[in-house]
Amino acid sequence: MLELIVELLGEFLLQVLIELGFHSCVEPFRRPSSPWMAAIGYIIFGTILGGVSLVVVPNNFVDKTRRIANLVATPIAVGGVMAAIGSWRARRGLTILRIDHFAYGYLFAFSVALVRFHFAT
C-alpha cells in the first residue's frame with residue numbers, strides 16, 4: 001500500500017512541478033485569446049512536456065495494474081491544486097493565469113499523464 005502511495009505521489013508531484021514552472025514560461029505570451037485556443041495550447045504543451053518528461057524519467061512511477069486509476073485520479077488532483085493556487089493568488093491580488101483554473105490545469109495534466117501512460121516503460 002505504501003508503494004502505491006509513493007508511486008501516485010511521485011506522478012502527482014512531477015505534474016504539479018511542471019505546471020508551477022509554467023508561470024515563468026507563460027508570462028511573456030500573455031494576451032487576450034480565445035478560451036478554446038488556450039485549451040488546445042495547454043493540451044499541446046502538456047503533450048510536449050509529457051514527451052520531455054519521458055526523456056528525463058523514462059520509467060512510470062505507477063505499476064501496470066494501477067495506471068488507469070492514475071490516469072484518472074492524478075489530473076483531477078492536479079487540476080484541484082491549480083485551482084487552489086489560483087484562488088490563493090486571487091486573494092493576494094496576484095496575476096491569475098488560465099492554468100490557475102481547474103479545467104485548464106486538468107487538461108494540461110491529463111495530456112502529460114496520457115503521454116506517460118502510453119509511452120513510459
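A residue is buried under 20% relative accessible area, exposed over 50%, and partly exposed in between (1.4 Å probe, protein chains only). Keep that scale in mind for the rings below.

This is a predicted model, in which local features need pLDDT of at least 70 and side-chain atom pairs count only at pLDDT 80 or more, while totals for chains, interfaces and linings use all residues. Residues are numbered from 1 along each chain as its sequence is written, and side-chain values use heavy atoms, leaving out hydrogens and water.

Start with two helices (DSSP runs of H or I, at least four residues, numbered from the N terminus). Helix α2 spans residues 35-56, and helix α4 spans residues 102-119. They pack at about 35°, with axes 7 Å apart. Axes are lines fitted to C-alpha atoms over the stretch in contact, and angles run from 0 to 180 degrees between N-to-C directions.

Now look along α4. Which residues form one aromatic cluster? They are Phe102, Tyr106 and Phe110. Rings of Phe, Tyr and Trp (its six-membered ring) pair if their centres lie within 6.5 Å; planes under 30 degrees apart are stacked, over 60 edge-to-face, and the rest tilted.

Phe102 and Tyr106 are stacked, at 6.0 Å centre to centre and 20° between the planes. They sit four residues apart in α4, so about one helical turn separates them. Phe102 is partly exposed at 38%, and Tyr106 is partly exposed at 26%. Tyr106 also stacks with Phe110, with centres 5.8 Å apart and planes at 15°. Again the two are four residues apart in α4, about one helical turn. Phe110, at 27% relative accessibility, is partly exposed.
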